[in-house]
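Let us take a walk through this structure together, with the sequence and the coordinates at hand. Please keep both in view as you read.

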Amino acid sequence: MSDHRDDRPEEPRDPVDDVSAADRGASDDDPIDDDAAQGAGGVSRRDFLKGLGVGGGVVGAGLLAARAAAAAAPPAPRRLGPGPVSISLLVNGRSRSLSIEPRVTLLDALRDRLELTGAKEVCDRGSCGACSVLVDGRPVYACMMLALDARGRAITTIEGIGTPGKPHPIQTAFVEKDALQCGYCTPGFVVAARALLESRPNPTLDEVREGLAGHVCRCGTYTRVCAAVLAAAGRKGGAS
Amino acid sequence: MSETRRIRIGENGRLEEVEVVVPDGEPAIWDADTRLSVVGTAVSRLDGLAKASGRARYTSDVRLPGMLHGRILRSPHPHARIAAIDATAAERLKGVRAVLTFERPDVFAAIAETDEAGRAIEGDARGPAAGNRSLLYAGDEVAAVAAVSADVAEDALRLIKVRYDILPHVTDLESARRAGAPPVFPDGNVRPAAVRKRGDIDAGFAQATVVVEGTWRTPVALHNALESHGAVAAWQDGGLTVWAATQGVFGCRDDLAKFFGIEAAKVRVVCEHVGGGFGAKFGAGIAAVVAAMLARKAGAPVRLMLDRAEENLATGNRPSTVQTLRVGAAADGTLTAIHLKSYGTGGIAGGAGCGGPAWNIYACPNVLIEEQDVHTNAGPAAPFRAPGYPQGSFALESALDDLAGRLGLDPLALRRRNYIDKPAKALETQYALASRAIGWDRRPQLGTAGGQDGRLRRGLGLGTAMWPVYGGPPADARVSIHSDGTVECACGTQDIGTGTRTAMAVITAEVLGVAPAAVRVSLGDTAIGLYSPASGGSVTLNSILPAVRAAAEGAKTKFLAAVAPALGAAPGDLDLAGGEVRTRDGARRMPFVQAAARLRTTVATAQASRVPNYPGRSTELFGAQFAEVIVDTWTGRVRVVRIAAAHECGRVVDRLTAESQVCGGVVMGLSTALLEERVIDHDTGLVLNANLEDYKLAGTLEMPEIVPILTEVYDPANNVGVKGLGEPPIVPTAAAIANAVSHAIGRRVRELPITPARVLDLLARPVEV
């Protein structure tokens, strides 16, 4: 036996993520290379950076959409700010007018100006997913997007996905599977799950884990969140 | 007045009859023979849809007319004195409504007495009577601003000019212990050791056939509840109303009343939902106090939510530990002596003790525990889910695996020989169920010792959970049945995500024979006027549910008396079940709602108080966890494949939320084991990872399969028989994972978190286990 790292038998897949591989032996590729984890329908980091996959993680999807939005915005006719400017945002199908300083994030605009407090501010720098909203159907970290850049885009917040009286099936599944405890991360997870299931209606457990990897839950509901998303997709849950 | 009752106690079919003495009027005790219809089933959270739809209102979501936004200016230096503050530019900024500076030592003096973290603002009070205030860590409070928006408040903070006299600092634990280290407090950095002992360890070690010894280290960890500490404060209606992100509305209220010198009755604290606490949100804390100070000065409501950096610098942490542990055992594995000597730092607060597991989990006649706090110029510690236990468990269970190896015993057999002898514990059952779920019998064939020598190695490990529960009186609850059939249950407690709200409904529903979803629960408001302890230490349900049940029984008695004539029966012949009032023979029935309409007053209501725990009954919680890991010996990466976690909470109230507690504790323990570590640059004294990018928390990709196993134990110390569950599931997780990694790689893990770098370092050493 040897612990020497040059002692490298052959094996094609990410061995640490492949439970059975551990019993078979070892692998030749780098187990932490995300591209290696593509396998059964997963989305690689490379694909995701090409902007092709929601499943690749909302972490970057938010950043990506924010950058895309910045790139797609028409050339500014004049310099805006630092004082307030009047804009309108299309939120949950309604046009909402508001006056904001250009530095205001989409998250602050939603929470402080439009009183849509379902999206939560937790890290305020694109690390946790609690502020996720859909912009043109794609999940975005609202703390990483300026409200100005959301002009002309269709914004869907958690409030637009379902209500306690008329919940979305994902929300129902979250309650049935007890996929929430304190609930502070839950709106972000529901928004991301909705986007995930739009793009992949029948995901595998691994795809759900990948798709929700950009979200933090401190109460530790992850296995139940994954089970709820699979249940909402009409699949048998694999997680506890 | 009291009476003696005979009840049956035990677990897993092993039952015995005992006598308990209870106060007169105590409801029939739910013991091992009691069959219940709602309690113990899987009941969905009452507030589940409100949370999943974003409608649940947290403190951070409260918006009041004219509300201002507060921000706190914090020290950029780990140790300094405020020589001068000039806030005039900030005061003049458009949109600024109030500025407070904290340069005087007396400003926060009152907080120091009330802060549960043992906040060392008291250090100023102990210090020389200088005309300026010492800042004891990078992040200490300097000034605060309220403005029309958080952005303007932030602008104003930048306009406050502060001249600091920079003082020598120490943030490194080892440096802080040395003679001549910069003193955090005038009387030094090293506190006297807390010592507890039983028996005689010298005699115990003399009896031992084998003695193992080692040193284990755990880092400072950060709570990172997702909702930060914060409050919305409004001086209104002749008093102060504060919405607070808190684990204890009453403690918060009392702190505020004391700080502002007003009657408790004039302070109302509201917390309908809170985005996690984990021990760091007791009392009012700085955020609520400063919000109220700003609101008073500005004459308008103020919202002050801390940001993530503040949250990680100033609101609490789990202290580090360095634990030197010696354990001796006879040849058959029977423990003869345990000696734990530990020190650690909770920054400017104490709380680094970690001897609970060594003292409580295993039976050993000779135990000596010496625990020592060391102060450093870092943010104050606060209780963190099972304070001291995950750290102490890591060292203890590691040492026991070493002992098992030396004696040639199976690690599980060693635990079975030594677990502490308490009545009605479920440990035998828990070891059996969880070891089967993990496939423990494969262990001899796994790991380096089992002959695995390839790149990937699999290991199994275990740890035992124990938590002494402190719940009991006082707690009050009220249950009301209205003439329209509505059922209400009220208690001024708080639901920190554990499912308190739902558990209150389950007990009420059980007694009144209605559906849990039909019960309207009021909590999270001191104005309810029904006391509850703060939610920490696994005390909430075992404190309040017995009062809820007694209140529900009282309301039921009144209700049946009122509706008995309509059924032509004596009240004693009636019962409530299945949404009906029924005679006991089932001959006459009436729907609950129809019966409620017969109430002569509009409401049948009863209030009850928690009575003391019945003497002689167990209030300790036990559990066992088994972990399976795969270690990549090329990269050092650890993957946890599966964790089987067997726990008990006395009687299960709601199976769904109870299992969630178990899974959640395991996840937090896994995160502790593999990822979490606060990093300070000791030269500058600054925290480098006060955010969620660099302070790593486990996510979906780290998730193992989790097998929660609930073993019911009937040993009621209260009329429900519930004990608690918040802390135990985090206690042994890191230990079980560390033992599994050690088993996999053949080297003893001695430091958390088990990062790839640490695994590779271990692999560079000779095989030892």
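Which residues have the most contacts inside the largest nonpolar core? They are B:Ala288, B:Ala291, B:Leu294, B:Ala477 and B:Val548, in a core of 326 residues. Here a nonpolar core is a set of buried Ala, Val, Leu, Ile, Met, Phe, Trp, Tyr and Cys residues joined through C-beta atoms within 7 Å; a residue is buried if 20 or more other C-beta atoms lie within 10 Å of its own, exposed if 12 or fewer, and partly exposed in between, with C-beta atoms placed from the backbone. Helix H16 of chain B (residues 540-567) gives the most to this core, 13 residues. Helices (H or I, at least four residues) and strands (E, at least two) are DSSP runs, numbered from the N terminus.

Before going further, please note that this is a predicted model, in which local features need pLDDT of at least 70 and side-chain atom pairs count only at pLDDT 80 or more, while totals for chains, interfaces and linings use all residues. Residues are numbered from 1 along each chain as its sequence is written, and chains are lettered from A and ligands numbered from 1 in the order in which they are written. The model scores ipTM 0.96 and pTM 0.91. Chain B averages a pLDDT (the predictor's confidence in each residue, from 0 to 100) of 94, and 96% of its residues score at least 70. Over residues 110-131 of chain B, however, the pLDDT is below 50, and this stretch has 48 contacts in the model beyond near neighbours in sequence. Two residues are in contact if their C-beta atoms, placed from the backbone, lie within 7 Å.

Now look at a sheet in chain B. Four strands form this open sheet, in the order E21-E20-E19-E25 and with mixed pairing; strands pair if DSSP finds at least two bridges between them. Strand E21 (519-522) and strand E25 (603-609) of chain B each have a single partner strand, so one side of each is left without a neighbour in the sheet. From one strand to the next, the twist averages 15°. Strands E19 (residues 476-482) and E20 (residues 487-490) of chain B are antiparallel over four bridges, and B:Ile481 has B:Val487 in E20(B) as its bridge partner. Helix H15 of chain B (residues 500-512) packs on the sheet, touching E19, E20 and E21 of chain B, and its direction makes about 135° with that of E21(B). H16(B) also packs on the sheet, where it touches E19, E20 and E25 of chain B, at about 150° to the direction of E25(B). These axes are lines fitted to C-alpha atoms, for helices over the stretch in contact, and angles run from 0 to 180 degrees between N-to-C directions.

Next comes the meeting of the chains. The contact takes 62 residues from chain B and 62 residues from chain A. On the side of chain B that touches chain A, H18(B) gives the largest share, eight residues.

Chain A has eight helices and five strands, and buried residues make up 57% of its 240 residues. In helix H5 of chain A (residues 169-176), A:Ile170, A:Gln171, A:Ala173, A:Phe174 and A:Val175 are buried. Their cover includes helices H6 (186-199) and H8 (222-232) of chain A together with H1 of chain B. Finally, E3(A) and E4(A) form a hairpin with two residues between them, and A:Asp136 in the turn has a positive phi of about 50°.
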